[in-house]
Amino acid sequence: MGEEDDLRTYRGKRHFDRTSEPRGSGAADAGPPTAQGDPSFVVQIHDASSLHLDFRLEVDGVLKSWSVPKGPSTDPRDKRLALPTEDHPLDYQDFEGVIPRGEYGGGTVIVWDRGTYRPTSHDKRDRPVPFGQALEHGHATFVLHGEKLRGQYALTRFHGREEERHGPAAKPPWLLVRTGSGRGAAHGGTPDPRRARSVRSGRTLRQMAEDPDAETWNPGSGGGR
């Protein structure tokens, strides 16, 4: 499936004359480039109808996305429920601001962490598996190189009580888990999202919502900031 098809659901849920969210230019130019060319990741705090963190990984030209109600944890003992959402454009990894109430996902967004990741999935013969293929098979491992999150993580799709609870039409949920030890694992947990600060602007959710310069939609201006 091409990038345009991957983003069809994302675009169909939004009115880009009413929200400052990026439509997606098709150019993979968001975020700082790296010498290694590693794909990017971002974690955004989203204070919408429910407060949650969105975990996004660059895969095949889009951001594969999961809503993580409790947020990613640095503690290997924490198994975080991760609910898959629609793919997002790459330039969404820089988005923070205020989505108007009444619009899809209305609420405040800040960039809590961002960086790159290195896929580490292998098959039974210890051969590297393309990351998109690993996700299709339901289990992918990777090493995060973020400003806050670092180390080995795994995403695993599962079936069971959680799937039944969210309904037969819902996408199967996943688990996001920190695996192994190393830098960052000793601290454990996830900070209070209402007190956490953006790595992009240094603002908290409240400061972003109250900032008159925050990216938001003004009905009288026809869109934009």
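**Exercise 1.** What percentage of the 225 residues of the protein chain count as buried?

*Solution.* Begin with the ground rules: this is a predicted model, in which local features need pLDDT of at least 70 and side-chain atom pairs count only at pLDDT 80 or more, while totals for chains, interfaces and linings use all residues. Residues are numbered from 1 along each chain as its sequence is written, and side-chain values use heavy atoms, leaving out hydrogens and water. Next, take the cut-off: buried means under 20% relative accessible area (1.4 Å probe, protein chains only). By that test, 45% of the residues are buried.

**Exercise 2.** Find which residues touch the most other members of the largest nonpolar core.

*Solution.* First, recall that a nonpolar core is a set of buried Ala, Val, Leu, Ile, Met, Phe, Trp, Tyr and Cys residues joined through side-chain atoms within 4.5 Å. The largest one has 28 residues, and Phe 55, Leu 57, Trp 66, Phe 142, Leu 144 and Leu 155 touch the most other members. Then look for the main contributor: strand β2 (residues 51-59) gives the most, with four residues; strands are DSSP runs of E, at least two residues, numbered from the N terminus. Finally, a separate core of seven residues includes Leu 63, Leu 90, Tyr 92 and Phe 95.

**Exercise 3.** Work out what the side chain of Glu 96 makes a polar contact with.

*Solution.* Locate Glu 96 in the loop between β4 (79-88) and β5 (97-99). Its side chain makes a polar contact with the side chain of Ser 198 (2.8 Å); such a contact is a pair of N or O atoms within 3.5 Å, one able to donate a hydrogen and the other to accept it.

Terms used. Buried means under 20% relative accessible area, exposed over 50%, partly exposed in between (1.4 Å probe, protein chains only).
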